[in-house]
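Read each task, have a go, and then follow the solution.

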Amino acid sequence: MMPQPVREILQRLQQAGYEACAVGGCVRDTLLGRTPEDWDLTTSARPEQVMALFPGHSIPTGLQHGTVTVRRGGASFEVTTFRTDGVYSDHRHPDTVRFSDSLEEDLCRRDFTVGAMAMEADGRIIDLFGGREDLARRQIRCVGSPERRFSEDALRIMRGLRFASVLGFAVEKETREAMRSCAPMLRSIAAERLRVEMTKLLTGPDASRVLLEAPEIFGVFLPEILPAVGFPQRNRYHCFDVWEHTARAVGAAPPDPVVRWTLLFHDLGKPDCFTEDAQGEAHFHGHAERSGILAAEAMRRLKFDNDSRDAILRLVERHDREIVPGRRSVRRCLNVLGPQGMEQLLSVKRADILAQAAAYRSRLDELDEVKRIADGLIASEACFSLGQLAVNGRDMMELGLQGPAVGEMLRCLLDQVLEERLPNEKDILLAWAAKNVK
Ligand code: ATP
Ligand code: MG
């Protein structure tokens with residue numbers, strides 16, 4: 001259902017003699033019975049005419065594209081003048097944008113039929129390209145010639161695959177073929193844009209299927225995945241090749257971007273680390289470190305922020321290390337990763353197991369035990385970091401320590417606590433420190 005403020009904005013524009021409707025993702029989501037994240041509106045009114053109709057409630061956010069943000073009912077809505085796009089010479093941006101008086105022209109420039117429908121204030125749907133039929137068939141199809149649309153703006157290839165993953169849709173045949181033939185044009189797309197689309201794709205409910213269907217497209221900007229495709233893993237744990245295992249592991253994890261990117265990377269080092277023993281069993285010693293190196297390079301190219309990159313690398317490097325289900329080793333893990341990183345590591349390990357041979361599922365029980373211990377430690381506010389230690393730097397200085405010796409002693413104390421050789425109690429820690437001052 002169209003929210004009241006949206007209807008009011010559309011009615012105000014119509015009463016002033018302009019055409020106006022909601023358009024794009026919000027129409028698609030409404031027809032799918034989903035709640036749209038935001039409502040984009042389009043109108044024949046020029047930006048200054050929109051501004052004049054909503055004095056004091058409109059901000060010229062993107063005038064060169066014809067966009068005015070209108071505030072109403074405590075929310076903001078983007079109102080964009082009907083447009084047509086000129087020639088695209090860089091596979092990404094139109095060289096010129098021209099305002100138009102025709103809704104039809106505006107709908108023509110949109111990439112996929114399911115996102116090229118409009119809805120009027122009274123709920124009437126304007127669907128010029130069979131968008132409703134494609135929604136019913138659950139498929140992504142380009143408006144117009146797919147080759148032309150992807151050649152204009154290659155990012156649309158990734159948008160299409162992202163919608164396929166997020167909506168659980170198939171990609172229509174001609175659109176799919178053009179995605180493949182135009183994939184090399186993705187090289188001209190800014191790394192940030194590719195990363196944003198890939199993150200949305202990876203966190204979609206159907207990521208696993210989409211990854212399996214189109215590795216060579218992702219390989220244009222993530223060549224690290226290509227050696228994994230079809231690379232066999234002949235050993236007792238695995239029933240899939242490296243890429244299929246990877247795709248299944250991504251799909252088996254909660255939709256946390258850090259966890260899903262970690263799973264995308266976690267085994268990519270395997271082809272480089274492959275050895276075979278006398279019995280013909282495959283081994284991949286050192287693959288977690290190798291995957292970390294490949295992941296670091298890929299994330300550098302895709303311009304990840306430092307925090308996400310570091311979190312993902314820590315998880316990739318640890319994904320294969322055993323966590324003994326005991327208090328001390330879990331405390332050590334919490335010390336390195338923190339509660340959130342620990343939770344993420346357990347999600348990674350669980351998804352990794354779920355994407356392996358079913359005979360080894362019993363290892364999930366061990367993870368449950370680790371989780372139970374970690375939750376218990378966190379709930380009882382057990383100490384696993386310097387900040388939680390019952391003594392601080394000032395206490396050490398009062399014992400006569402100075403300079404780097406202060407930090408060193410605190411780390412020694414934390415070590416004693418992590419190993420559960422000392423309780424986290426001030427008097428006891430101070431006495432131990434006093435005895436061990438050099
Ligand atoms: P969501 O907001 O759920 O991600 P959406 O379909 O609303 O999906 P947006 O990126 O918000 O996608 O764009 C709004 C609309 O603008 C789209 O539905 C589409 O019609 C059009 N659009 C956006 N980007 C492009 C593009 N690169 N090429 C053509 N049309 C586009
Ligand atoms: Mg949108």
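This is a predicted model: local features need pLDDT of at least 70, side-chain atom pairs count only at pLDDT 80 or more; totals for chains, interfaces and linings use all residues.

**Exercise 1.** Find which helices each supply at least two residues of the shell around ligand 1.

*Solution.* Start with the terms: helices are DSSP runs of H or I with at least four residues, numbered from the N terminus, and a residue is near a molecule if one of its heavy atoms lies within 4 Å of it. Helix H2 (25–31) and helix H7 (155–167) each supply at least two shell residues.

Residues are numbered from 1 along each chain as its sequence is written, ligands are numbered from 1 and chains lettered from A in the order in which they are written, and side-chain values use heavy atoms, with hydrogens and water left out.

**Exercise 2.** Find which atom of ligand 1 lies 2.9 Å from a polar side-chain atom of Asp153.

*Solution.* A polar contact here is a pair of N or O atoms within 3.5 Å. Now compare Gly115, whose polar backbone atom is 2.8 Å from an oxygen atom of the ligand. Finally, a polar side-chain atom of Arg110 lies 3.2 Å from a ligand oxygen.

**Exercise 3.** Sort the shell around ligand 1 into nonpolar, polar and charged residues.

*Solution.* Asp, Glu, Lys and Arg count as charged, Ala, Val, Leu, Ile, Met, Phe, Trp, Tyr, Cys and Pro as nonpolar, and the others, Gly among them, as polar. The shell then has one nonpolar, three polar and eight charged residues.

Definitions and conventions
A polar contact is a pair of N or O atoms within 3.5 Å; within protein, one must be able to donate a hydrogen and the other to accept it, and residues adjacent in sequence count only if both atoms are side-chain atoms.
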